[in-house]
Amino acid sequence: MKLIKQLMACATVAFASVSFAATAPAANEAPDALVKRISSEVLDTAKNDKDIQAGNQKRVMDLVETKILPYVDFQRMTSLAAGRFWREASPEQQKQLSTEFRTLLIYTYSGALSQVKNETIEFKPLRADPSDTEVEVRSQVNMTRGEPVPLNYRVEKTPSGWKIYDINVLGAWLVETYKSTFASEISKGGIDGLIKTLSEKNKKLASRPIKAASAK
Amino acid sequence: MNISTPSVSWRKLALATVTAAALAGCAGPNPRDPYEGYNRAVFNFNDKVDEVALKPAATVYKSVLPGFVQTGVNNFFGNLADVWTAANNFMQGKGEKGMSDVMRVALNSTFGLLGVLDVASEAGLQKHKEDFGQTLGYWGVSSGPYLVLPLLGPSTVRDTMALPLDIKADPWQYTDPVRVRNVGTVVRVIDQRAGLLDASTLLEDAALDRYEFTRDGFLQQRESKIFDGEDNPRAKKKKSAYEDDDDVKPATADTPKGKEQPQAIMSEPAAEKNASL
């Protein structure tokens, strides 16, 4: 019995250290390297996958789900967008709110991704101290026509590696842009009202025709 | 510098108009958007115009004309706009950018066949976009309240005041004969709308309230353009990145009121550091 117990303990320790070793490189990855890696993986897939180019919504969502979501801190993002109302929400409401907001952002991002054709991304040098725990990664999307589109990320260090918690497109931060909408929805119908509005929006997006995103 | 004079009168103007709006009973809850009632009405009007005329025209334009023709049209008007961009860059003291814009116009107008080809971008001279509203902003004039203009869309009081000069400075205004000018103007507007078709689909997906989403996005975008993507160096005090918010993480969610003060002070250097990244 004792032997088995010891064996089990050893195995657990060994397993733990192996899995630690496996996640360690990701945790040490520099924030800009992380964002660069994710975006090049996602863009390459989006450009080369025929289903995605044809507007297959499900494929795009799968791509977003597997490649991007593990690196986004939705709870933080939602709490910032809700601002002072976040504390007034019960843990249950907080959970529902993050889930609905997350779904909405997945739909939006998927829509954007299926429009990618020949664009390339260029990263700017990271202006940060190695000891910083919150940094801004800056990049720009070079379009086939017109000015380049600035695309920046706010990234924070968490125990499980760097996580994105805000995105800036064309100079506007996502959290800031949703903030007053959230506030006015909450003032109309409380936090539950906001959750309801978000979930209705998501239902509408889910039920639209599959090819909608590629219809120009 | 005589910056203080205009900004004072702006404030007066803003104050006067805010009062007027409040009297009219359409003061919105957002301090940057006191004319929300009026703005929403114009927004809806613009939306209708877009729905019945502009969007269909742009959709046809985009699907019927070959890509190189659209690029050519876009480049041609873009080249004309570069002239005013150059002037504004000089007015803002950005000599290097201004010179680069002058070079762009010179190259594109000659080797680029009157601007139809954007050879300057190929040669590594990046396109900029500056207008007089941005120049005023750079000089320190605050934007004033948000304003939606009929047909022209989102703007601010400052940018609306700058608009007549932008229009005067547009070389296309002086094209002769008038018929060519009018046709050109229509093509230009349709071409610009065509460039935004994908973006407007996205907007529809993302926004809970399109009016608010457009407004909050536009105001941030404008501010960021004035300082070319950097933080406003003239900002009176560094706010934490998310104002009126203590950046609550779940663990500290039930901090008592009294403890918020030191937290806010703590976040100040962090914001400073962020800004200087």
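The model is predicted: local features need pLDDT of at least 70, side-chain atom pairs count only at pLDDT 80 or more, and totals for chains, interfaces and linings use all residues. Residues are numbered from 1 along each chain as its sequence is written, while chains are lettered from A and ligands numbered from 1 in the order in which they are written. Chain A holds eight helices and five strands; here helices (H or I, at least four residues) and strands (E, at least two) are DSSP runs, numbered from the N terminus.

**Chain A overall**

- Starting at the N terminus, the elements of chain A follow the order α-α-α-α-α-α-α-β-β-β-β-β-α.
- Of the 216 residues in chain A, 35% are buried; a residue is buried if 20 or more other C-beta atoms lie within 10 Å of its own, exposed if 12 or fewer, and partly exposed in between, with C-beta atoms placed from the backbone.
- Taking the contacts in chain A between residues at least 6 apart in sequence, 55% join residues at least 24 apart; two residues are in contact if their C-beta atoms, placed from the backbone, lie within 7 Å.

**The sheet of chain A**

- The five strands make an open sheet with antiparallel pairing, in the order E1-E2-E3-E4-E5 of chain A; two strands pair if DSSP finds at least two bridges between them.
- At the edges are strand E1 (120-123) and E5 of chain A, each of which pairs on one side only.

- Eight bridges link strand E3 (residues 149-158) and strand E4 (residues 161-169) of chain A in the antiparallel sense, and a hairpin with two residues joins E3(A) to E4(A).
- Along this pair, A:Glu156 lies opposite A:Lys163 in E4(A), and A:Tyr153 has A:Ile167 in E4(A) as its bridge partner.
- E4(A) also pairs with strand E5 (residues 172-173) of chain A, again antiparallel, over two bridges; here A:Val169 stands opposite A:Ala172 in E5(A).
- The hairpin of E4(A) and E5(A) has two residues between the strands, and A:Leu170 in this hairpin takes a positive phi near 55 degrees.

**A closer look at A:Gly161**

- A:Gly161 belongs to strand E4 of chain A.
- A:Gly161 counts as partly exposed because it has 18 C-beta neighbours inside 10 Å.
- A:Ser98 is 63 residues away from A:Gly161 along the chain, and their C-alpha atoms are separated by 20 Å.

**A helix pair in chain B**

- H2(B) packs against helix H8 (residues 178-195) of chain B at an angle of about 80 degrees, with the axes 8 Å apart; axes are lines fitted to C-alpha atoms, for helices over the stretch in contact, and angles run from 0 to 180 degrees between N-to-C directions.
- That angle makes H2(B) roughly perpendicular to H8(B); angles under 35 degrees count as roughly parallel, over 145 as roughly antiparallel, 65 to 115 as roughly perpendicular and the rest as oblique.
- Residues making this contact include B:Leu54, B:Ala58 and B:Tyr61 of H2(B) and B:Ile190 and B:Arg193 of H8(B).

**Where the chains meet**

- The contact draws 36 residues from chain B and 36 residues from chain A.
- On the side of chain B that touches chain A, the elements giving two or more residues are helix H2 (36-64), helix H3 (67-91), helix H9 (197-206) and helix H10 (210-226) of chain B.
- H10(B) provides the largest share of that side, eight residues.
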